[in-house]
Amino acid sequence: MSLTLYHNDLSTCAQKVRLVLAEKAIAWEGRELDLRAGDQRDPSYKALNPRGVVPTLVHGDTVVTESTVIIEYLDDAFPDPALRPADAGKRAAMRWWMKRIDDDLHRMTGVLSYAIAFRQDHLERPDGGKAMLEATKDPQERMIRAALLDQGLDFPGVGKAFAVVDGAIAEAEARLTEASYLAGSYSLADAAWTPYLNRFAHLGLDWLWAERPHLADWWASLQSRASYRTALADVERSEKVAAMNEAGRAGTERIAAWRETLGKEEAL
Ligand SMILES: N[C@@H](CCC(=O)N[C@@H](CS)C(=O)NCC(=O)O)C(=O)O
């Protein structure tokens, strides 16, 4: 049965799915979308994914959207090797760590990515990002993107995003003092977190775990897996990664200042 993934090299959600495909050594065909050019809003793609986002998996006649749903689908359809613990409690833990991403970590990573790196790409376009804003139909999301374009790293939402990311990393560090992986053994939850740690590292935020040794060891072990190379390192365009690194170096002091400010304030 054919298996096609609509994806993008740097999309964290698509990377999550590519990692699971690699862990299971599943053969697949890729259709890469240019998100800057707006391929995701093409009506033919929206017929598959009405929200107009990547990834989308098409397996025979079955269309699956939402990265967390897709990776659970893959573990059901291709059970070997199993990437979900058999024990009900551990499986609940795995889902809890994936929900953490879906609840806020994904969105807040997007805010940091925009503020540090992607904003510049939009500002450098002839229309200064106008088309991107017009294409953002959700009014709240549009306001956030407009504020990010305007204020960059000074937008207060960046402080909030940083607090969420820093808090999630602290929670993971605490969890990893008890076990080598989030749900005990390597599972979908670890695959789901890998692209986010990878993004933070690209954005020059790896100092987030400078004093979090369990997280640092976990990250090193995730990077040493063959799936990391196949699904992330070998797919990401090196020029885009280099641009993120450079923007990260330029923005790191401002982000560190947010940590200082937030450390002195009540919870946001
Ligand atoms: N909850 C969705 C989020 C998907 C998502 O936000 N995808 C991003 C890339 S990581 C995207 O396609 N963005 C394009 C856009 O917003 O126009 C999932 O987990 O699949």
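Helix α1 is largely enclosed by the rest of the structure, because 11 of its 12 residues are buried, where buried means under 20% relative accessible area, exposed over 50% and partly exposed in between, with a 1.4 Å probe and protein chains only. This is a predicted model, in which local features need pLDDT of at least 70, side-chain atom pairs count only at pLDDT 80 or more, and totals for chains, interfaces and linings use all residues. Residues are numbered from 1 along each chain as its sequence is written, and side-chain values use heavy atoms, with hydrogens and water left out.

Among the buried residues of α1 are Cys13, Val17 and Leu21, and what covers the buried residues includes β1 (3-7), α3 (67-77) and α10 (226-233). Just after α1, alanine 25 takes a positive phi of about 50°.

Let me turn to the pair of helices. The axes of α7 (residues 156-176) and α9 (residues 213-223) come within 8 Å and cross at roughly 85°, which makes α7 roughly perpendicular to α9, a term used for angles of 65 to 115 degrees. On the α7 side the contact, meaning heavy atoms within 4.5 Å, is made by Ile169, Ala172, Glu173 and Leu176, and on the α9 side by Pro213, His214, Leu215 and Trp218.

Finally, UniProt, in an unreviewed entry, places the feature "domain: GST N-terminal" at residues 1-82, and over residues 1-82 the chain is 33% helix and 21% strand.

Notes. Helices (H or I, at least four residues) and strands (E, at least two) are DSSP runs, numbered from the N terminus. Axes are lines fitted to C-alpha atoms, for helices over the stretch in contact, and angles run from 0 to 180 degrees between N-to-C directions. Angles under 35 degrees count as roughly parallel, over 145 as roughly antiparallel, 65 to 115 as roughly perpendicular and the rest as oblique. UniProt positions are given in the numbering used here, feature names are shortened, and annotations may be inferred rather than shown by experiment.
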